[in-house]
Structures are given as C-alpha cells and as structure tokens.
Amino acid sequence: MKNEGKREKNWKELYIRSTKLARAKQLGIDYPRISETELRKNSVAKASERINVLFVCSKNQWRSPTAEAVWRGHPKLNVRSGGTSPNARHHVSEDDIRWADVILVMEEKHKSRLKAEYTRVLDFKPIHVLDIPDDYKYMDAELIEQLNQAVPSILMIE
C-alpha cells in the first residue's frame, strides 16, 4: 500500500495553543475570550501578585546586576539578572525567560540576541529596551538614576 509510509496527521499537535494565540493576535481577536467578571477577578488577583522581572545586559557584570540590586527590595517585584554573552557571569537561560513576566534589556542588541536564541519561549513575552549604553560601572549613580526613571513607567509601579 502507498499510505503505509505516511503518518496520519494528529490535529491536536498541529493546532497547539501558541499557534492559536498567534493567529488570534494576527486577526486582532482576544483569545481565549473570558467574561468581564472573570477578567475583574484576574486583575484583582494580579494586583496582589508580584511581577517577575528579568534585567538583561551583555556580561551581567555592571548594568543588569545594578538594576537587580536597585529593584530587589521593591514589594511588587521579584527580580533576576543575566547576560546574553556566552562568558556572562550568569548567562540568560530558558528557565529565566519562562520565569519572567517582563524582560527589560539595556540595548536593542540584547533584545535581538534573546529573540535569536529563545524564539519559541519568547512568544507573547514583553521585552522592553531601556536604551542604557555600556558606559557605567556597578552601582554608578547616573545608572541608578536612569533605572529609577525608566523602570517604574514601564512596569506601572510607584
């Protein structure tokens, strides 16, 4: 028989959740649709939860560890930091990406590197570029000031 070598399509595998979400986003449809009461319940629950924030630079030596140190004590945040370089102190891992609710990168190149390395894991994960150049040492006062100006508006915290 000719069909012996062919596998039967498994439709559940073809239409996975991420594919459905991507298609809904393309069409401008909210998916999955939930009622307003469920949405209110979720937003109230989310308001009391802490946000997991991943700060990323190149070597995880100065900028992202500074951001982690500055924001570690905030009551609404859980923070981590990592680097995109293979020789970073802590190289960003897939676990870090999955853990994060929001990713804040110092430069556009960090966003590009993350997308190249973790394309599938980053689906629908917000990444914000802080535009902070590699001109600062660890805990530099000017670096801290830039972080204090940029981060609260992105995360909508005080």
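Visitor: What should I know before I look at the details?

Guide: This is a predicted model, in which local features need pLDDT of at least 70 and side-chain atom pairs count only at pLDDT 80 or more, while totals for chains, interfaces and linings use all residues. Residues are numbered from 1 along each chain as its sequence is written, and side-chain values use heavy atoms, with hydrogens and water left out.

Visitor: How many helices and strands does the protein chain have?

Guide: Helices (H or I, at least four residues) and strands (E, at least two) are taken as DSSP runs and numbered from the N terminus. In the protein chain there are 7 helices and 4 strands, and along the sequence they follow the pattern α-α-α-β-α-β-α-β-α-β-α.

Visitor: How much of the protein chain counts as buried?

Guide: A residue is called buried under 20% relative accessible area, exposed over 50%, and partly exposed in between, using a 1.4 Å probe and protein chains only. Of the 158 residues of the protein chain, 33% are buried by that rule. Where contact means heavy atoms within 4.5 Å, residues 24 or more positions apart account for 68% of the contacts in the protein chain with a separation of 6 or more.

Visitor: How many salt bridges are there?

Guide: Side chains of opposite charge can pair when their charged atoms come close. The rule used here asks for a side-chain nitrogen of Lys or Arg within 4 Å of a carboxyl oxygen of Asp or Glu, and the count comes to 5 salt bridges. In one of them, Glu-107 pairs with Arg-63, with the closest N and O atoms 2.7 Å apart. This pair links distant parts of the chain, since Glu-107 sits in the loop between β3 (102–105) and α6 (108–117) while Arg-63 belongs to helix α4 (residues 63–71), 44 residues apart. Both Glu-107 and Arg-63 are buried.

Visitor: Where in the chain do Asp-96 and Arg-80 lie?

Guide: The side chains of Asp-96 and Arg-80 meet in a salt bridge at 3.0 Å, N to O. The two are 16 residues apart and again link distant parts of the chain, with Asp-96 in helix α5 (residues 94–99) and Arg-80 in strand β2 (residues 77–83). Asp-96 is buried because its relative accessible area is 5%, whereas Arg-80, at 30% relative accessibility, counts as partly exposed. Salt bridges that share partners also join Arg-63, Glu-107 and Asp-134 into one network.

Visitor: Which residues of α6 are buried?

Guide: They are His-110, Lys-111 and Leu-114. These residues lie on the same side of α6 because they cover an arc of only 100 degrees around the axis, where the arc is that of the directions from the helix axis to the C-beta atoms. The buried residues of α6 pack against β1 (51–57), α4, α5, β3 and β4 (127–129).

Visitor: Which residues have the most contacts inside the largest nonpolar core?

Guide: A nonpolar core is a set of buried Ala, Val, Leu, Ile, Met, Phe, Trp, Tyr and Cys residues joined through side-chain atoms within 4.5 Å. The largest one has 18 residues, and those with the most contacts inside it are Phe-55, Trp-71, Met-106 and Leu-147. At least two residues of this core come from each of β1, α4, β2, β3 and α7 (141–155), and the largest share, 4 residues, is that of α7. Apart from it lies another core, of 12 residues, including Leu-54, Val-56, Ile-97 and Ala-100.

Visitor: Is Val-92 buried or exposed?

Guide: Val-92, in the loop between β2 and α5, is buried because its relative accessible area is 1%. Not counting residues up to four places away in sequence, Val-92 touches Leu-54, Val-56, Gly-82, Gly-83, Ile-97, Leu-114 and Tyr-118.
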